[in-house]
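Hello,

Here is the structure we talked about handing over. My notes on its aromatic rings follow below.

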Amino acid sequence: MNRLISISTYILALLWALPFLGIVYMAFKDASEQGYSLTFRNFIDAWNAAPFGQYYLNTIIIVIAILCVQLITITLAAYAFARMNFVAKGFTFMLILIQIMIPSDVLIFPNSNTIAQLGIYDTKLAITIPYFISAFGIFLLRQTFKGIPYELEEAAKMEGCNRLQIIRNVYIPLAKPTYLAFGLISVSTQWSNFLWPLIITDSDENRPLTVGLSMFAKASDSGAQWGIVCAGTLFIIFPLLLAFLLFQKQFVSSFMQSGIK
Amino acid sequence: MKRISILLSVIVLMFGILAGCSSSASERSGDADSNSETIDLTWYYPVNVGGAITEVIDQYAKDFNHAGIKVNGKKVSVTPVYSGNYDETMTKVQTAIKNGKSPDLSVQLSVDLFQIKNSIIPLDDFIKNDSEAQEMVDDFFPGFMKNAQTDGKTWSIPFQRSTVILYYNKDMFKEAGLDPEAPPTTWEEVIEYGKKLTKKGQWGIELPATVSGYWIYQALYLQNSESNMMSDDGKEVYLNTDEAKEALQYWVDLNNKHKIMPEGVLDWSTVPTDFIEGKTAMMLSTTGNLTNVKNNANFDFGVAFLPGNKRVATPTGGGNFYIFKDTSEERQQAAFEFIKWITEPTRAAEWSMNTGYIATRQSSYETEALKEYVGAFPQAKVAMEQIEFANKEISVYEQGKIQKIIHDALQAAINGADVNETLDKAQAEAEATLKAYQ
Amino acid sequence: MRRSNIVKENLTAWVFLLPSLIFLVMFTLYPILSTFISSFYKSDLSTIEPIFIGFDNYTIMMKDEVFRKAFINNVWFTIGTVPTSVCLGLLLAILVNRTFVGKALSRVFFFYPVVIPMVAVSFIWLFFYTPDYGMINSILKLIGFEELNLLGNSDTALLSIIMMVIWKEAGFFMIFYLAALQNIPKDLIEAARMDGASKWRQFRSVIFPLLMPTTLFSTIIATTNAFKTVDQLVVMTQGGPNNASNLLLYYIYENTFRFMDYGRAATVTVIVLMIMVSIAAIQFFTTDKKIHYS
């Protein structure tokens, strides 16, 4: 029985790997030869066909910028909800919940109007700004903060720390796994963001990889020269796969520790 | 943790260096006002055909920027911005205008006129005051000016113009016992030849039903009727006439009845690739794909007028230059100068040779380069000769919605819906959409 | 003294909240409100200024066949992806939780689709599905079957997208279930086993109830994703053929950016907002009772 289950697992795993293997196969295939012969030509052609370097830089800037701002906003807000009492606390928490229920993707129409009103069309700021708040992050972090023994904060207060210092010295260090989990989710979500950057940018200087890939794939020979498109696709997913392979353990363990119940 | 941070920093550094080494992204003019030395125009352009088109356009931009053309003493340069296919370019243009960052000029479908009329300027003043410009306009093939004019004014200048043409694989014709110099000329012959050409792993013909599929359908419509699909003023469409239904039935039967076309909706970009790969013996596509096919097909191929039914006919197609209204007069003048430059007969000829689009100026066909090219590659002349039978491409208000209505009907019928019902429904939807403009 | 402390605490709390609230208002709350208002105006290419028309936008839209199709498609899409990907995630977690050769590698294979951007996945599967030289059809031809035009057929287009999404999402839920499985106290399972419960009984009575929070969480995410689906449609089918794969967010995108019909876009957005709120509410209230918090 055990053998059977293991074999089924192997078959499933292989099925899951198939699409990726197909892409790798095509990316290395020499399209001008009959049969299969290995070549790096597709990668070179793909790299030259579109400014992938620029797209990489844009994506990295965007992702890091969003994460940095998010870390600040969620830490402050999570602390306020976890440890402070204030007017309209329940009401504001409900407002935060609304963002979990209604993701910004659905709001492309009104948000594009807001960007127009702000006059920041076609800037990296426009891509990043709706994501500076993360209700999900606040939720997660609040849960974690609540789990930290209050005595630690009291002890810090005794030593004369103000609130910000307490957050920095007590809460942030103890919530590292949660921050890591959140960071990984934020980065991979933002790296993959497509529709919003598509409609809110125009120029190569601001396009992230996802938009760059789709424009590149559409512009290539008849839109269907698969070798080059596959090579381009590999450019996009390669760093993510690499990061995933390196951070696998952290990813899984941080989820377990952060106690997403 | 430390090792990982080091690794991360190295990776980020690597990308930073890569970004620096990559070819510098084209510079964009910051805002609409030109600085005191130069006018840098922003030009949105689409690519709807195969081939390394963006490279060709970038080269033109380079050449123009070196040409040193001046307006009001300021040097004019242009930055081309590739914005997808025609649909996507329309989206980009509209979004940019809405956001106050209107481009200076764009190339969009000649039939996009009604959709963007509120944002563009008529060009008659520029043409009137400039003898060169007048010469240019007179030199365009009259068929190409048809979609550019309305309300007694000229709104756009032809750039990449086309007709639908029939591509066919001469080697496969020979194999099937057909004369490779005698492609089908009627709908019946298409069916007849198609049957001989269809075998395992090979189809007789392919027609695309996405992206510009409505255009291919219009060709069939025109071949089966004496009148066009829409009214001249862009306010009415005629989608459910008997002739329209027959044309759609013919398309659908190519697979359902005669089995000479693959099943299901065929994609605009996949069809030329199928032809090049030898999956289909014939295809209907834009002449803009000619150079792409020439460069990539490793077999002998021919092109021909579209096989007709009641008559030989084709819609014109392709894109024109538009100049936008939300920019200064000086920039509009500069844009016009660029348009004059790029549509010069030799350049129009070059553009035609690079793509397969018809050279828009009649005098282009008198230039040495094009004469020689056409001599060695007579396929290049077919589309141009077909202009005689060309009609206005469908151009109406709410073009986006109407195009979708036609595509939906086309795709529904291909997937088995009843042709009569489908077109009746499409007509009703179209009328509802256009009601506001009556 | 105490009052000034309370005031101080209130002020500090609000200062802490302010950054988040500013962006929340700008990009979630204000848009919701403005869309709601916009939905009462006719605003498209034929109007110079938006015209107030009350609920007409809604009645007209309800009659629009394309909207109806997109709506129904979205319902089918949700039914097709949510239970399947969540259950599959659970199944994969159980499989991967065992000790066997290749455990770590299998986990990688199941999870890697999650880290790939949907856009890239779309191109991968577009290649997969392409007639003739696409991977599926190459294999079909190899074993002598007729080729399939999966994306060009109204009957199979939506299903093809569903398959792709399940492939991508199952691994995500697998990780959550894996974490939850490993957090189940071993003694509970021991106790059940010693009581003579079969493997299935153990699962049904002990394990599954303890996994409820993860199930709730995963279902909400999967459902939300079902209504956020759009990237694939832009790349692969543009909602076709004949709206067979049109979904609500794509419909909003088309009306906003292709047709410039802002009245329609606002109206559909409101509908989608209502759907998302209802889903969240329903799920919270029905499963609230069943959750075991240790």
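The charged end of B:Arg347 sits over the ring of B:Trp341, 3.6 Å from the ring's centre. "Over a ring" requires NZ of Lys or CZ of Arg within 6 Å of the ring centre and within 35 degrees of the ring normal. B:Arg361 places its charged end over the ring of B:Phe140, 5.9 Å from the centre.

A word on the basis. This is a predicted model: local features need pLDDT of at least 70, side-chain atom pairs count only at pLDDT 80 or more, and totals for chains, interfaces and linings use all residues. Residues are numbered from 1 along each chain as its sequence is written, chains are lettered from A and ligands numbered from 1 in the order in which they are written, and side-chain values use heavy atoms, without hydrogens and water.

Back to B:Trp341. Its ring forms a stacked pair with B:Phe338, 6.2 Å centre to centre, with 20 degrees between the planes. Rings of Phe, Tyr and Trp (its six-membered ring) pair if their centres lie within 6.5 Å; planes under 30 degrees apart are stacked, over 60 edge-to-face, the rest tilted. Both residues lie in helix H14 (residues 329–342) of chain B, 3 residues apart, about one turn. Helices are DSSP runs (H or I, at least four residues), numbered from the N terminus. B:Phe338 is buried, at 0% relative accessible area; B:Trp341 is buried too, at 7%. Buried means under 20% (1.4 Å probe, protein chains only).

Ring pairs also link B:Phe338 and B:Trp341 into a cluster, whose members include B:Trp43, B:Tyr60 and B:Trp351.

Best wishes

Technical notes
Helices (H or I, at least four residues) and strands (E, at least two) are DSSP runs, numbered from the N terminus. Buried means under 20% relative accessible area, exposed over 50%, partly exposed in between (1.4 Å probe, protein chains only).
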